[in-house]
Amino acid sequence: VQLQAYGGGLVQAGASLRLSCAASGRSFSLTTVGWFRQAPGKEREFVAAIDRSVRRTVYADSVKGRFTISTEDNAKNTMYLQMNTLKPEDTAVYYCAASPVRIVASAITRTTLYKYWGQGTLVTVSS
């Protein structure tokens, strides 16, 4: 499985941006998909995820109400991260990730449980 993330860019605070992540290969087996981000000098952190088996979404508190994760479950096999009301602290490289094994909600934030990763796309939010 290969993941390709794109859609990052430079925006001003308060703006919106939509990230996309296209999956190829045996993408039908991806049970849990998510987005993570890594700011300069910081560890990679969880942003949002979908447990596709039960259609449950989970968000980090820092993005709840501003970001929306979704998937397009057809031949495109694409997932999205709609980011609204962006803040300078959202500046980071954003990574999409996926697991062929279902990750329960209590563990869905753990980077080590995701088997496949995209290459990352940079989002820069200016104040």
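Which element gives the largest share of the lining of the largest cavity? In this predicted model, that share, three residues, comes from β3.

**The cavity**

One cavity of 30 Å³ or more is found in a search of the whole structure. The volume of this largest cavity is about 90 Å³. It is lined by 14 residues, of which Ala23, Val33, Arg52, Asn77 and Thr78 are the closest to its centre. Two or more lining residues are contributed by each of β3 (17–24), β7 and β8 (78–83).

**Aromatic pairs and the charge over the rings**

Four aromatic pairs are found in the whole structure. In one of them, the ring centres of phenylalanine 36 and tryptophan 117 are 5.1 Å apart and the ring planes stand at 55°, so the pair is classed as tilted. Because phenylalanine 36 belongs to strand β4 (residues 32–38) and tryptophan 117 to strand β10 (residues 116–117), the pair ties together parts that are 81 residues apart in sequence. Phenylalanine 36 is buried, at 0% relative accessibility, whereas tryptophan 117 is partly exposed, at 27%.

Phe36 and Trp117 also belong to one aromatic cluster with Phe46 and Tyr114. Arginine 44 is placed over the ring of tryptophan 117, its charged end being 4.9 Å from the ring centre. Arginine 44 also lies over the face of tyrosine 95, at 3.7 Å from the centre of that ring.

Phenylalanine 46, a further member of the cluster, is located in strand β5 (residues 45–51). With a relative accessibility of 10%, phenylalanine 46 is buried, because the cut-off for that class is under 20%. Beyond four places in sequence, phenylalanine 46 is in contact with Trp35, Phe36, Val58, Tyr59, Ala60, Ile108 and Thr109. Between phenylalanine 46 and arginine 26, the separation is 20 residues in sequence and 24 Å in space, C-alpha to C-alpha.

Methionine 83 has contacts with Ala15, Ser16, Leu17, Leu19, Arg66, Phe67, Tyr94 and Val123, apart from residues up to four places away in sequence.

Arginine 66, one of these contacts of methionine 83, is found in the loop between β6 (56–59) and β7 (67–72). Its relative accessible area is 9%, so arginine 66 counts as buried.

Most residues other than glycine have a negative phi. Which value does phi take at arginine 55? Phi of arginine 55 is near 55°, a positive value. Arginine 55 lies in the loop between β5 and β6. Threonine 85 is found in the loop between β8 and β9 (92–99).

The table gives the relative accessibility of selected residues.

| Residue | Relative accessibility | Class |
|---|---|---|
| Phenylalanine 36 | 0% | buried |
| Phenylalanine 46 | 10% | buried |
| Tryptophan 117 | 27% | partly exposed |
| Threonine 85 | 46% | partly exposed |
| Arginine 55 | 48% | partly exposed |

Definitions and conventions: Residues are numbered from 1 along each chain as its sequence is written. This is a predicted model: local features need pLDDT of at least 70, side-chain atom pairs count only at pLDDT 80 or more; totals for chains, interfaces and linings use all residues. Side-chain values use heavy atoms; hydrogens and water are left out. Rings of Phe, Tyr and Trp (its six-membered ring) pair if their centres lie within 6.5 Å; planes under 30 degrees apart count as stacked, over 60 as edge-to-face and the rest as tilted. Helices (H or I, at least four residues) and strands (E, at least two) are DSSP runs, numbered from the N terminus. Buried means under 20% relative accessible area, exposed over 50%, partly exposed in between (1.4 Å probe, protein chains only). A charge sits over a ring if NZ of Lys or CZ of Arg is within 6 Å of the ring centre and within 35 degrees of the ring normal. Contact means heavy atoms within 4.5 Å. On a 1 Å grid over the protein atoms alone, a cavity is a set of points where a 1.4 Å probe fits but cannot get out, and a pocket is an open set with protein on both sides within 12 Å along at least five of seven lines; lining residues have an atom within 4 Å of a point. Grid points are joined across faces, edges and corners, and a volume is the space filled by probe spheres set on the points.
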